[in-house]
Amino acid sequence: MHTVEKIGGTSMSRFDELLNNIFIGGREGDALYQRVFVVSAYSGMTNLLLEHKKTGEPGVYQRFADARNEGAWLDALETVRQRMVNKNIELFASDFELRAANQFINSRIDDARECMSSLQRLCAYGHFQLDEHLMKVREMLASLGEAHSAFNSVLALKHRGVNAKMVDLTGWHRDAPLPFEEMVRHSFEEVDLSRELVVATGYTHCSEGLMNTFDRGYSEITFAQIAAATGAREAIIHKEFHLSSADPNLVGADKVVTIGRTNYDVADQLSNLGMEAIHPRAAKTLRRAGIELRIKNAFEPDHAGTLISQDYKSERPCVEIIAGRKDVFGIEVFDQDMLGDIGYDIEISKLLKQLRLYVVNKDSDANSITYYASGSRKLINRAARLIEEKYPAAEVTVHNVAIVSAIGSDLKVKGILAKTVAALAGAGISIQAVHQSIRQVEMQCVVNEEDYDDAVAALHRALIEPENHGDVIAAA
């Protein structure tokens with residue numbers, strides 16, 4: 001019985017520590033095996049290949065998409081090459097390993113360069129449109145980062161005497177893509193987990209095109225599918241932190257506690273707030289396969305971390321986590337003609353989806369709907385203008401807000417609303433809206449953006465520290 005374990009880019013950039021903590025640690029002989037590792041690109045590499053995830057600064061892909069000539073993106077690709085070679089120099093002191101690592105990534109980058117140059121020349125003819133091929137280019141570039149880190153990991157493990165094997169899911173030089181599930185299953189057919197430690201790429205090339213649906217969230221989708229396809233005993237995600245009762249930077253490191261156990265419902269609520277324990281679609285795959293998920297701190301290997309399962313419920317109702325997000329705008333649409341007409345909600349929801357704005361929540365009354373959406377201010381303002389154009393009689397107002405949530409596997413806590421209101425009022429914070437569903441796993445409070453930090457600290461003090469602190473520790 002084996003585990004499938006995912007390591008993110010920030011952790012991969014501290015690879016020497018990972019070797020000592022996770023890949024090898026104190027293991028010897030057979031204890032080294034029955035493990036599959038799914039790795040992301042080193043920190044910052046995908047930003048250079050595509051675009052910066054937070055600032056939007058263009059990488060190779062974005063420059064290629066906007067380019068009128070080869071020079072517009074070629075320098076950016078060579079910057080990636082140099083960054084990858086520098087990483088190899090950092091990792092490998094031996095000439096043999098360094099030459100092998102450089103030869104591998106130089107070959108991949110040369111292939112990508114030739115492919116992109118040929119495509120650009122082809123699309124200079126009117127019969128071929130670059131837009132039709134851009135997603136393929138995006139996927140090809142993204143795969144370079146994962147292939148680089150996976151190859152290096154196997155090289156380093158072999159140098160340490162481990163029988164490591166790379167499972168390359170990038171489809172490089174493959175004649176035609178397979179369906180996603182078949183690609184994963186086929187790639188593991190010849191693997192002997194009892195005597196091979198497997199390192200797989202986080203990107204999978206497939207006929208569906210993972211980036212069409214998940215964009216840069218593809219590595220967790222790959223991770224979950226590998227776990228399901230191979231019948232893993234447990235799935236593990238290694239992060240740079242524990243899944244805790246709140247952000248220690250906001251409430252104090254001495255106040256937070258690691259969540260010992262929770263369920264997939266709680267993980268989904270965190271995803272909705274942009275604080276993913278795991279991507280919801282990946283969680284769905286693990287749920288269906290009956291596989292439990294463990295979240296661990298990559299740099300505290302002896303800590304059990306957080307176990308997430310399908311049916312877990314806390315021994316008694318309690319709040320487990322205070323979380324939230326600040327990058328939220330309330331788009332309030334008021335129109336007296338709205339009463340009884342569900343078309344407003346349908347059409348506005350379609351518009352927000354077309355703009356790729358993420359709706360965290362929404363509320364409504366007889367003649368207004370407010371959408372709590374995450375996205376750039378530019379897109380939010382555009383959405384407001386388009387709504388006004390579609391409904392000239394409507395009044396559209398944009399509010400700068402934040403959402404703070406109390407989350408738990410069983411949130412049927414008596415008096416929780418009263419405690420929440422009192423805690424926020426005591427901290428001088430005005431509540432703009434409150435949401436709580438019958439399912440009783442989350443209660444959201446909408447507050448002014450500038451009150452977010454204080455609201456998290458106030459709710460943690462009121463709902464977790466005095467009453468439930470011991471329960472959370474006991475769950476660990």
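**Close-up 1. Strands S13 and S14 pair in this predicted model.** Five bridges link S13 to S14 (residues 442-448), and the two strands run antiparallel. In this pairing, Ile 431 stands opposite Val 447 of S14. Helix H16 (residues 416-426) packs on the sheet. H16 touches both S13 and S14, and its direction makes about 20 degrees with that of S14.

**Close-up 2. An open sheet holds 6 strands.** The order is S10-S11-S9-S12-S14-S13, with antiparallel pairing. S10 (358-364) and S13 (431-436) are the edge strands, each pairing on one side only. Neighbouring strands are turned by 30 degrees against each other on average, direction ignored.

**Close-up 3. Strand S9 pairs with both S12 and S11.** S9 covers residues 321-334 and is mostly covered, with 10 of its 14 residues buried. Its link to S12 (residues 395-407) is antiparallel and has 12 bridges. Here Arg 325 stands opposite Ile 403 of S12. Toward S11 (residues 368-374) there are 7 bridges, again antiparallel. Phe 334 stands opposite Ser 368 in that strand. Helix H17 (residues 452-463) lies across S9, S12 and S14. H17 runs at about 130 degrees to S9.

**Close-up 4. UniProt annotates residues 404-463.** The unreviewed entry places the feature "domain: Aspartokinase ACT" on this stretch. The chain here is 38% helix and 28% strand. Its end C-alpha atoms are 13 Å apart.

**Close-up 5. Helix H7 is largely enclosed by the rest of the structure.** H7 reaches 38 Å from its first C-alpha to its last, close to the 38 Å expected at 1.5 Å a residue. Gly 161 follows the helix, with a positive phi near 90 degrees.

**Close-up 6. The largest nonpolar core has 97 residues.** Phe 23, Leu 141, Leu 286 and Leu 293 touch the most other members. H7 (residues 134-159) gives the most to this core, with 13 residues. A second, separate core of 25 residues includes Ala 402, Ala 406, Leu 411 and Ala 457.

**Close-up 7. Phe 23 and its contacts.**

Methods
Residues numbered from 1 in each chain as written. Predicted model: local features only at pLDDT ≥ 70, side-chain atom pairs only at ≥ 80, totals over all residues. Heavy atoms only, no water. Core = buried A, V, L, I, M, F, W, Y, C linked by side-chain atoms within 4.5 Å. Buried < 20%, exposed > 50% of the residue type's maximum accessible area, 1.4 Å probe, protein only. Helix = DSSP H or I, 4+ residues; strand = E, 2+ residues; numbered from the N terminus. Contact = heavy atoms within 4.5 Å. Expected span 1.5 Å × (residues − 1). Pairing = 2+ DSSP bridges. UniProt positions renumbered as here; feature names shortened; annotations may be inferred. Axes fitted to C-alpha atoms, helices over the stretch in contact; angles between N-to-C directions. Lists of a residue's contacts leave out its neighbours within four places in sequence.
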